[in-house]
Every structure is written in C-alpha cells, then in structure tokens.
Amino acid sequence: MKVSEIMNGLIARTPNELEYHQAVKEVLESIEEVYNDHPQFERAGIAERLVEPDRVLMFKVPWIDDKGKVQVNRAYRVQFNNAIGPYKGGIRFHPNVTLSTLKFLGFEQTFKNSLTSLAMGGAKGGADFNPKGKSDIEIMRFCQAFMLELHKIIGPEMDVPAGDIGVGAREIGYMYGMYKKLTHQHEGVLTGKGVNWGGSLIRPEATGFGVVYFTSEMLKTIGQNLEGKRVVVSGFGNVAWGAVKKATELGAKVIALSGPDGYIYDKDGVSGDKIDYMTELRLSNNDVIQPYADTFPSAIFHAGKRPWEVPCDIALPCAIQNEINEDDVMNLVKNNCICLCEGANMPCTPGAIKIIQESKLLYSPGKASNAGGVATSGLEMAQNAMKLTWGKDEVDKRLHEIMVDIHSACVKYGKNSNGSIDYVKGANVAGFLKVAYAMLDQGIV
Ligand code: NDP
C-alpha cells in the first residue's frame with residue numbers, strides 16, 4: 001500500500017471532504033508498516049475497500065415548526081463496515097453536520113468498535129438540524145420525521161444507531177417510539193434507551209467514565225495516578241459530565257470547563273452540586289458556559305478563550321473535533337501537562353498531533369479513550385438480546401475491564417523501542433487488524 005496513492009484517489013473522488021481525508025490519512029499512515037508486512041492485505045485490496053463506506057443513505061427530513069411553517073433538513077446514515085458485526089454508531093444533530101463529518105466519524109467508529117472486542121461494525125448518521133432553541137414538540141416532530149426514513153435500513157442485526165452531539169435520551173426516546181410504531185417491534189434497535197424500556201444503567205456516564213479509566217491506565221505507565229491531579233475539561237455536555245464525575249471520584253480536581261463562548265476557571269474545583277449543575281446548564285438550551293461563573297463565585301469566566309491556557313496536569317478535550325490547535329498544545333506543553341486523553345472525536349488538529357508526538361506528553365486518540373460509550377452500548381445490545389438487565393456495578397465493572405483491555409492492546413501494538421507508547425499507532429493497528437482479518441475471511445464482498 002502506498003498511502004499517497006490511496007489519498008490522491010480519495011481526494012480526487014471526494015475533493016470537499018476535508019475532515020474525512022484527515023481521518024483516513026492518520027489511520028493509513030499509522031498502519032502502513034503492518035499492512036505492508038501482510039501481502040495478503042494488498043492482494044485483497046483491504047485498504048481500498050476500507051476507505052469506501054459500504055453505503056450512504058441521504059434523505060430529506062421535512063417537518064413542521066411551531067409556527068406552522070414547513071422546514072426541511074438534510075440527513076444521512078453512513079454504513080461504513082460490518083465485517084465484525086452489525087453497523088453501530090451514533091446519530092448527530094448539529095447545524096455543521098455534513099457528509100464529510102459523518103464519513104470521518106463512521107470510518108473512525110469502525111476501528112473504535114473493533115477495539116472494544118465486541119461484535120459491532122462501524123456507522124454514523126445525523127442531520128444538519130439544530131436542536132438549540134427548538135421546543136420539545138418540534139424536537140419530537142423532527143425525530144419522528146427522521147425515523148420515518150431511517151427505519152428502512154436499521155434493525156438489531158443490521159444497524160443499531162445511538163446518540164451523539166445533540167441526540168440524548170429524549171431524542172432516542174422519540175425515535176424509538178416512531179420505530180416501534182412503524183415496525184411493530186419492541187427490540188434493541190437503538191442504544192441509549194431509557195432504563196425502563198431496554199436501556200443500560202451507566203450508559204449516560206459511560207463515555208466520560210471510560211475516558212478517565214483510560215487516563216488512569218496511561219498514568220500507571222509512568223508510575224502516577226489521578227490523586228490530586230489538576231484536570232482541564234472542554235465542553236460541558238454528556239462526555240464532559242461523565243469525565244468530571246469520575247475524575248473527581250478518583251481524587252483529581254477539575255479546574256476548568258468550557259463552552260463555545262469561552263471557559264470557566266474554578267479554583268475550588270468542579271465537584272458535588274457543580275457537577276449536577278452541568279446537566280442543568282446543558283438542558284437549559286442556552287449554549288453557553290458563562291452562567292456557571294454567575295452561579296458559583298469560586299469561578300471566573302474567560303470570554304472567547306480556550307481552556308488549554310490554564311496550567312494543568314491532565315487535559316481532557318470532550319467537546320468537538322479540531323478544538324485543540326498548535327498554539328493550544330504548546331500552551332499545555334509549556335505548562336508541564338503530562339497527559340492529554342481525548343474524550344471527543346478528533347479534537348486535535350493534525351498540526352497539534354505533530355507537536356504532541358515530538359513532546360513527552362502522554363497522548364491517546366479518541367478512538368481508544370472514548371470507546372467506553374459504544375462499548376456500553378454493546379453491553380446494552382447484549383442485555384437486550386438476553387432480555388436481562390445488569391446492575392450498575394456489573395456494567396461499570398465490564399466497562400472498566402474493556403477500557404483496561406483497550407489500553408493493553410494500544411501498548412501491545414504501540415510500544416516504541418525507547419519504551420514510550422504511541423497510542424495512535426497502537427489503537428489504529430489493533431483496531432485495523434481485527435477488521436482486516438475478518439474481511440479476508442469473508443472474501444471480496
Ligand atoms: P454534547 O452535545 O452533549 O456536548 C458537546 C459539548 O461541547 C457541549 O457542552 C457544547 O456546548 C460544547 N461545545 C460545542 N462546541 C464547542 C466549542 N467550540 N468549544 C467548546 N465547547 C463546545 O455532546 P457529547 O458530549 O455527546 O459529545 C462530545 C464529543 O464526544 C463529540 O466529539 C462526540 O462525537 C464525542 N463522543 C460522544 C460519545 C457519547 O457517548 N456521547 C461517545 C464517543 C464520542 P453547546 O451544547 O453549548 O454547543
């Protein structure tokens with residue numbers, strides 16, 4: 001495989017899909033060596049087949065707003081690869097959603113799901129619908145209209161969507177209701193369901209918990225732990241909330257949170273009621289972190305700034321893609337940050353990653369460290385299939401074990417000769433090999 005040849009072909013076919021190119025290039029570069037050590041991969045065209053999604057459904061979602069006006073959004077489901085299990089991946093409702101975003105996320109999801117060691121292929125979906133400022137009824141109408149089309153290509157053994165940015169328990173509920181009405185089936189077709197109707201305990205917290213479990217494993221490799229560490233978290237959404245909760249529980253102090261409007265620095269740490277307040281803030285539809293500083297006098301709001309200028313030991317980006325650039329990383333390195341563990345998907349720009357890799361910062365890509373969310377979705381699918389519900393401790397224990405195993409796989413394939421660990425390479429190679437061998441076994445399909 002020649003990465004440049006595959007990239008040139010991809011860019012020529014899809015010239016405007018920049019995020020997608022970024023994700024593919026990163027993976028291909030880190031698997032190049034292992035790929036070329038296996039001539040059977042080249043013979044079977046594994047790389048060429050991997051970079052094309054199995055199929056993409058693009059559809060319109062017409063719905064009626066509270067003023068009686070017809071609105072139309074554009075939606076997609078990208079079914080990327082089902083070599084190791086049914087397609088699985090979240091649904092994102094955000095005005096910036098494009099086919100490129102969803103292809104990048106679906107591609108990444110394929111390797112992430114492989115890392116969890118559960119039987120799940122990769123997919124992603126969503127719409128350029130902005131839930132901010134919409135009434136509850138408008139959200140319901142939109143979700144129902146979205147499912148009216150999506151239900152044709154999903155099913156418990158075919159494709160099992162979940163939540164992502166802009167899609168939480170409420171939206172999953174409205175979509176599930178419509179799916180059930182259309183198909184007459186009460187089955188595990190979506191994950192992130194309410195606990196009273198098939199959802200798994202711990203699923204809301206799982207991604208953030210997993211990020212912190214993974215961070216803890218990374219710290220162990222340098223003989224450290226979370227106790228007393230200063231942590232900066234970006235975002236205040238679902239992943240950020242779980243991460244803050246677990247980091248605090250394990251003895252760390254979260255000193256900053258951020259929103260699209262800036263960040264808050266809280267000298268006393270984000271703990272107790274303040275963590276519950278994050279949920280309140282998220283549900284308020286206000287789109288900003290500033291009210292945190294109005295509510296808690298220990299916090300100062302820094303308008304229009306990113307939180308990476310705050311001196312910290314651990315950085316957990318949990319908001320959105322490309323939220324850490326070169327300057328941000330240089331700030332972290334200058335301030336002696338020891339670990340950057342990604343909660344969001346692709347939060348670091350390629351330039352930022354280059355600087356990280358030249359530094360001594362411990363760094364994990366989201367596909368490894370944020371895999372706890374989809375892993376717990378996999379546990380939800382298992383519970384649905386068995387028609388059983390596991391207790392909170394049981395799910396948390398399994399989640400913890402999965403994160404420890406993913407960390408071990410990264411170490412196995414990413415250990416450098418000087419003893420340091422390249423988590424990007426480790427995660428990409430471990431995730432890739434399982435998918436590639438499954439594709440080989442199943443022939444050219
Ligand atoms: P949410 O919508 O719950 O939260 C996203 C958070 O980021 C919100 O607080 C949002 O604020 C904030 N935000 C948006 N833009 C910016 C910005 N430019 N600067 C700072 N903050 C910003 O989404 P999730 O927590 O579910 O997802 C966050 C990330 O984690 C995404 O990359 C997602 O793909 C990834 N992820 C999520 C998983 C999950 O289980 N939910 C699983 C694996 C990965 P506001 O709401 O005001 O826009």
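Which domains does the shell around the ligand draw at least three residues from?

1. That would be domain 2 (53-185) and domain 3 (205-348), each giving at least three residues; the domain bounds come from an automatic or database domain assignment. Bear in mind that this is a predicted model, with local features needing pLDDT of at least 70 and side-chain atom pairs counted only at pLDDT 80 or more, while totals for chains, interfaces and linings use all residues. Numbering runs from 1 along each chain as its sequence is written, and side-chain values use heavy atoms, with hydrogens and water left out.

2. There are 24 residues around the ligand, and Arg92, Lys132, Asp164, Thr207 and Asp287 come nearest (near: a heavy atom within 4 Å). By class, the shell has seven nonpolar, 10 polar and seven charged residues, Gly being counted as polar.

3. For Arg203 the distance is 3.1 Å. The protein buries 86% of the 890 Å² that the ligand exposes when taken alone (Shrake-Rupley, 1.4 Å probe).

4. Now the sheet: five strands, open, mixed pairing, in the order S1-S2-S4-S3-S5. Strands here are DSSP E runs of at least two residues, and two of them pair if DSSP finds at least two bridges between them. S1 (55-64) and S5 (159-162) are the edges, each pairing on one side only.

5. S3 (residues 87-93) runs parallel to S5, joined by four bridges. Lys88 has Val160 as its bridge partner in S5.

Note on methods:
Polar contact = N/O pair within 3.5 Å; in protein donor to acceptor, adjacent residues only side chain to side chain.
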